[in-house]
Amino acid sequence: MEAAGRMALYVCSLLVLLTEISGKFINVPSSIRHGIEGKSLRLPVEMYFQLDEAEIQGTWSHTTTSGIRTTLVTFTNQSSITDMMYRNHIFFKEPNMSLFIQRLNRRDEGDYHLNLNIEFLNNSGQVFKEERTVRVTVDIPVSIPVIKKSPSYAVVEDKANVTWTCSVERGTSVVFQWFRDNALVGVSDRYHFSKDKSTLVISPVKKEDKGSYRCAASNPVSQETCRTTVELTVYYGPYNLEVNSDQGLRTGEVFTINPGEPVFFDCQADSNPPNSYVWISKGRNTTITVGPRLEVLSYRLAQAEDYLCRAFNNVTQKQDETQFTLVVASLGTGKEKHTQDYNAVSPLGVITVCSLLIIGGMLLVLFRKACHPKRVLMRIYNRPISDQKRPHRSGHEDATEDFGIYEFVSVPGKMESTQASCRSLARLESVQDMHTTIYDVIRHVPETPGQSLLK
């Protein structure tokens with residue numbers, strides 16, 4: 001028993017030492033507690049020591065929002081005394097230092113203070129003091145918000161302001177949020193909010209402000225969103241005016257069409273309400289037609305003519321205009337064929353060049369085979385003997401015909417003839433290679449047909 005008592009004393013001393021180092025014997029999980037009117041609220045307290053190892057004495061007190069402080073309950077380990085004014089409203093049980101408030105009302109808002117004195121047994125009578133404060137709010141859940149817009153009709157951009165208001169029938173400490181097309185609306189140069197954001201002013205209104213608006217209301221205990229949205233209609237424009245056509249070929253602001261081909265042009269711009277359109281001939285300075293579409297008969301035109309489309313918004317009193325040039329030129333059967341023909345030029349040229357190169361190569365090979373010197377000499381050498389024999393000429397009849405540069409090619413075989421003239425190229429025994437060519441200049445007429453011309 002004595003050993004067990006010493007162990008308990010050791011544990012208690014160690015606990016006291018640790019708590020002195022940390023400086024924390026109790027803990028309140030949250031310094032702010034949000035309650036709902038008519039509901040109950042508990043203020044929990046966590047203890048880091050055993051009640052049977054210490055003697056405690058403490059109080060719970062309440063300071064109202066107006067600054068009045070009242071002691072609610074005084075307690076020890078074994079007993080507690082509750083103020084008679086709060087006996088049916090405050091619940092407290094001795095070993096548990098947590099406070100339970102029943103049926104909250106707005107008067108219960110304020111700060112709740114816990115003051116606690118702790119004296120650990122067998123610790124030389126040292127007393128530790130702990131104080132904690134909890135802020136309590138009592139809120140009424142918000143009702144479904146209602147949204148209103150002023151003015152209620154459509155507005156013109158840059159000329160009007162819009163004021164939005166969001167309100168709830170019930171709720172305390174309400175905070176409001178605004179959404180346009182489900183995107184949160186924030187503060188900007190043209191967006192101005194009241195302190196609680198229940199009011200939104202857009203000044204001035206722009207085209208990008210159009211859309212569906214809704215608001216959301218919330219407080220610490222609830223959140224609601226309005227069930228319907230309100231549309232903001234803005235009159236604006238014209239913006240981004242342009243002329244388009246599905247016919248012809250367009251290059252920048254120039255349209256090219258085939259002669260005799262009717263063509264349609266559409267003039268479009270971003271505008272609310274829709275614009276009125278006027279088509280004007282620049283060359284003649286006259287109005288052609290009104291409306292978003294223009295029809296032009298190309299056979300009635302010269303080579304080129306300038307046109308202008310003017311858009312006017314009757315509500316915003318703004319206008320815009322754009323011009324283009326119409327050129328009449330042959331494009332084949334249309335823009336698509338013209339584009340295809342243009343794109344096909346490059347491959348066709350490549351095919352043509354390749355074909356010409358192949359044909360030229362084939363002709364060159366055939367020419368070389370047909371006109372090779374060996375084949376020509378072989379044909380000459382293989383002629384009949386009667387064709388090779390010619391009347392003997394002394395060289396004096398027409399000696400000038402024999403002067404010149406001669407080409408000799410050795411041909412193996414067929415070397416029997418001894419009557420071939422110098423032009424028959426016989427008896428070329430000195431030539432070793434059949435591909436060897438010998439050039440010589442005949443300076444005199446040989447006296448005998450068998451004399452060699454090669455030296």
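**Exercise 1. Decide whether Leu366 is buried or exposed, and find where it lies.**

Step 1: Buried means under 20% relative accessible area, exposed over 50%, and partly exposed in between, with a 1.4 Å probe and protein chains only. Leu366 has a relative accessible area of 54%, so Leu366 is exposed.

Step 2: Leu366 lies in helix α2, residues 335–370. Helices (H or I, at least four residues) and strands (E, at least two) are DSSP runs, numbered from the N terminus.

A word on the model: this is a predicted model, where local features need pLDDT of at least 70, side-chain atom pairs count only at pLDDT 80 or more, and totals for chains, interfaces and linings use all residues. Residues are numbered from 1 along each chain as its sequence is written, and side-chain values use heavy atoms, with hydrogens and water left out.

**Exercise 2. Describe the largest nonpolar core.**

Step 1: Such a core is a set of buried Ala, Val, Leu, Ile, Met, Phe, Trp, Tyr and Cys residues joined through side-chain atoms within 4.5 Å. The largest one has 29 residues, and Leu43, Phe49, Trp60 and Ile118 have the most contacts inside it.

Step 2: Now look at the strands. At least two residues of this core come from each of β3 (41–43), β5 (54–63), β6 (69–76), β9 (99–101), β10 (110–120) and β11 (127–139). Strand β10 gives the largest share, five residues.

Step 3: There is also a second, separate core of 21 residues, which includes Val174, Phe176, Val185 and Leu200.

**Exercise 3. Find which cysteines are joined by disulfides.**

Step 1: Count a disulfide when two cysteine sulfur atoms are within 2.5 Å. Searching the whole structure gives two disulfides.

Step 2: Take Cys166 and Cys215, joined with an S to S distance of 1.9 Å. Cys166 sits in strand β14 (residues 162–167) and Cys215 in strand β19 (residues 211–219), 49 residues apart. Both of these cysteines, Cys166 and Cys215, are buried.

Step 3: Next, the sulfur atoms of Cys267 and Cys309 are 1.9 Å apart, forming a disulfide. Cys267 is in strand β25 (residues 262–272) and Cys309 in strand β29 (residues 304–313), so this pair ties together parts that are 42 residues apart in sequence.

Step 4: The link of Cys166 and Cys215 is right-handed, at 65°, whereas that of Cys267 and Cys309 is left-handed, at -105°.
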